[in-house]
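Good morning, everyone, and thank you for making the time. Please take a moment with the sequence and the structure, and then we will go through them together.

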Amino acid sequence: MYKILIVDDEEHIRKIIAKYAAFEGHSVEEAGDGMTAVQMCRQGQYDIVILDIMMPELDGFSACREIRKFSSVPIIMLSARGEEYDKINGFDGGADDYVVKPFSPKELMMRVGAVMKRVKAAAPAEEEKSKNKIVELGGLVADLTARIVYVDGERAEMSPKEYELFFYMLENRNVALTRDQILSAVWGYDYFGDDRTLDTHIKLLRRSLGKYADYIVTLRGVGYRFDTGKII
């Protein structure tokens, strides 16, 4: 199964999560603050990290960004607040999923399973891109192999999920994509969570694309389309 790092300053929450994780066959290590979590991720290998936001020493947002500097380990963030601002901060920092407290430990383990399935499914797809595949649309240049996007010559910094979303829309440009199609392709067919996650990532992606944000067209009641007819 999976090796999980549980990071929360509340010991009883760590123990509850660890109990359910162990019941499902996972191995668990714990950290009580963000600084320790970053150090443990540097020193050890984990399959996934469950990371609380409000912690001493280093908060979850900062810890997530630090971990992303050297690791692509999947991260699920925990928070007592469900405001869009917090979710944007989490996803922008590189989180793969976001769970609001109080939560069901069973649901959390389902989310762990769903995130890991997506990670495993993405690995062969990345290996198939052995030949550099580059898409150029006006001032937008996307190297799908190297996972690099340039906006008018400047490299755009995106979270892992933003890259996946953007590349999926590029590969299906000028096609009306339903919300379910996008969630299934980018988050996994068994995605278990709030579909507002898609709207949050679209907002983040538009911000990353700057003046090209309008190329992502909202189709009310349907989903989205990447419209190359707008490319000059």
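How many bridges join β1 to strand β2, and do the two run parallel or antiparallel? Before I answer, please keep in mind that what we are looking at is a predicted model. Five bridges join β1 to β2, residues 27-31, and the two strands run parallel. Within this pairing, isoleucine 4 has valine 28 of β2 as its bridge partner, while isoleucine 6 stands opposite glutamate 30. To get from β1 to β2 the chain passes through helix α1, residues 11-23, and this β-α-β crossover is right-handed.

Let me stay with β1, residues 3-7, for a moment, because four of its five residues are buried and the strand is therefore largely enclosed by the rest of the structure. β1 also pairs with β3, again in the parallel sense, over four bridges, and here valine 7 stands opposite leucine 51.

If we now step back to the whole sheet, we find five strands in the order β2-β1-β3-β4-β5, forming an open sheet with parallel pairing. The edges are taken by β2 and by β5, residues 97-100, each of which has a single partner strand, so one side of each is left without a neighbour in the sheet. From one strand to the next, the twist averages 20°.

Two helices that pack on this sheet deserve a word. Helix α3 touches β3 and β4, and its direction makes about 170° with that of β4, whereas α4 touches β4 and β5, with a direction about 145° from that of β5.

Looking at α3 itself, residues 60-68, we see that Gly60, Phe61, Ala63, Cys64, Ile67 and Arg68 are buried. Because these residues cover an arc of only 165° around the axis, they lie on the same side of α3. The buried residues of α3 pack against several elements, among them α2, β3 and α6. At the N-terminal end, α3 is capped by aspartate 59, with a side-chain oxygen 2.9 Å from the backbone nitrogen of phenylalanine 61.

Finally, there is another sheet to point out, an open one of four strands in the order β6-β7-β8-β9, with antiparallel pairing. Its edge strands are β6, residues 134-137, and β9, residues 154-156, each pairing on one side only. Strand β8, residues 148-151, is joined to β9 by three bridges, and valine 151 has glutamate 154 of β9 as its bridge partner.

Key: Residues numbered from 1 in each chain as written. Predicted model: local features only at pLDDT ≥ 70, side-chain atom pairs only at ≥ 80, totals over all residues. Heavy atoms only, no water. Pairing = 2+ DSSP bridges. Buried < 20%, exposed > 50% of the residue type's maximum accessible area, 1.4 Å probe, protein only. Arc of directions from axis to C-beta. Contact = heavy atoms within 4.5 Å. Polar contact = N/O pair within 3.5 Å; in protein donor to acceptor, adjacent residues only side chain to side chain. Right-handed = clockwise from strand over helix to strand, strands pointing away. Axes fitted to C-alpha atoms, helices over the stretch in contact; angles between N-to-C directions.
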